[in-house]
Amino acid sequence: RIVYVNGEYLPEEEATVSVFDRGFLFADGVYEVTSVLGGKLIDFDGHFQRLKRSLAELDMPAPAAMDDLLEIHRELVARNEIEDGLVYLQVTRGAPADRDFAYPGEDVAPTLVLFTQSKPGLADSPAARAGIKVISIDDIRWGRRDIKTVQLLYPSMGKMMAKKAGADDAWMVEDGFVTEGTSNNAYIVKGKKIITRNLGNEILHGITRAAVLRFAREAQMEVEERPFTIEEAKGADEAFFTSASAFVMPVVSIDGVMLGDGTPGQLTKRLREIYLDESR
Ligand code: PDD
């Protein structure tokens with residue numbers, strides 16, 4: 001596989017980053033994941049805009065190659081012959097000479113890394129046909145979840161807690177209300193209404209979320225952006241989550257409570273079709 005590191009395209013075995021990189025030592029970095037379907041990047045501009053916002057919120061200098069990011073994405077997709085899959089991009093605050101809590105000066109350039117992951121048949125996963133099971137866990141993450149940082153240890157632990165409980169993923173709960181999934185935005189459907197948490201610092205502003213809500217409104221579906229409790233979710237008719245890598249993913253049980261008849265809901269299936277049709 002060919003990866004990109006600070007201006008160079010290299011075989012992955014030859015790509016290196018300093019042990020002093022602040023991404024490695026402090027999780028001082030931000031990232032984006034853009035999916036690829038049929039060789040086409042999905043919603044690149046949305047991911048690019050969010051990246052710029054994440055960098056600005058952390059006073060992190062933008063990498064010199066910022067204007068070339070689309071080109072780098074395309075180049076990696078082509079060089080690695082990605083039909084379906086994703087492009088991962090990470091910017092960290094670079095590698096100063098020593099470990100120091102204070103940010104380095106302007107002489108230290110940010111580290112820019114991109115790589116691809118091939119996922120043949122990404123849009124036609126068995127999970128999307130059967131639906132997935134989630135458990136609820138406490139949301140103990142920091143308060144700026146709107147910034148897409150690489151601090152992913154707790155979401156990673158959450159995923160393991162889910163697996164241990166025989167489920168696939170976890171929805172995080174704060175003060176009784178669902179914030180989001182470990183790596184996705186959470187939704188429930190009641191009657192014909194789609195309910196998802198409103199934007200704020202408590203959740204990541206999903207690029208897929210924005211697109212799905214736009215398509216839903218265009219299709220005259222009713223959308224309500226407000227917090228919902230985990231209890232309300234367990235009593236919902238349908239549930240699903242969205243992310244760049246899972247698109248619209250049906251959820252069929254929460255903490256062992258089956259939703260509807262335990263198969264993906266009608267509205268969820270329709271939204272998934274609309275999203276995939278409109279974005280490719
Ligand atoms: N995760 N919420 C969290 C906490 C996320 O990590 C993600 C994305 C989302 C959905 O955002 P988007 O629709 O822009 O992908 C919501 C990516 C896919 C990941 O970490 O792999």
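The largest share of the shell around the ligand comes from α6, which gives three residues. The model is a predicted one, in which local features need pLDDT of at least 70 and side-chain atom pairs count only at pLDDT 80 or more, while totals for chains, interfaces and linings use all residues. Residues are numbered from 1 along each chain as its sequence is written.

In total, 14 residues surround the ligand, and the closest are L204, G206, I207, T208 and A244; a residue counts as near if its C-beta atom, placed from the backbone, lies within 6 Å. Both α6 and β13 (238-243) supply at least two residues of this shell. By class, the shell has four nonpolar, eight polar and two charged residues. Here Ala, Val, Leu, Ile, Met, Phe, Trp, Tyr, Cys and Pro count as nonpolar, Asp, Glu, Lys and Arg as charged, and the others, Gly among them, as polar.

Helix α6 (residues 207-218) also meets helix α8 (residues 266-279): their axes come within 10 Å and cross at roughly 105 degrees. That makes α6 roughly perpendicular to α8, a term for angles of 65 to 115 degrees. The axes are lines fitted to C-alpha atoms over the stretch in contact, with angles running from 0 to 180 degrees between N-to-C directions. On the α6 side the contact holds A211, V212, F215 and A216, and on the α8 side L271, I274, Y275, E278 and S279. Seven of the contact residues are nonpolar, one is polar and one is charged.

The chain as a whole has eight helices and 15 strands, taken as DSSP runs numbered from the N terminus (helices H or I, at least four residues; strands E, at least two). Its radius of gyration is 19 Å, close to the 19 Å that the globule rule gives for 280 residues, so the chain is as compact as a globular protein of that length. The radius is taken over C-alpha atoms, and the rule is 2.2 Å times the number of residues to the power 0.38.

An automatic or database assignment sets the domain bounds, with domain 1 at 2-123 and domain 2 at 126-279. Their centres, taken over C-alpha atoms, are 26 Å apart. The contact takes 20 residues from domain 1 and 14 residues from domain 2, where contact means C-beta atoms, placed from the backbone, within 7 Å. On the domain 1 side, β3 (29-37), α2 (44-57) and β5 (85-92) give two or more residues, and β3 gives the most, with seven residues.

Key
Parallel < 35°, antiparallel > 145°, perpendicular 65-115°, else oblique. Contact = placed C-beta atoms within 7 Å.
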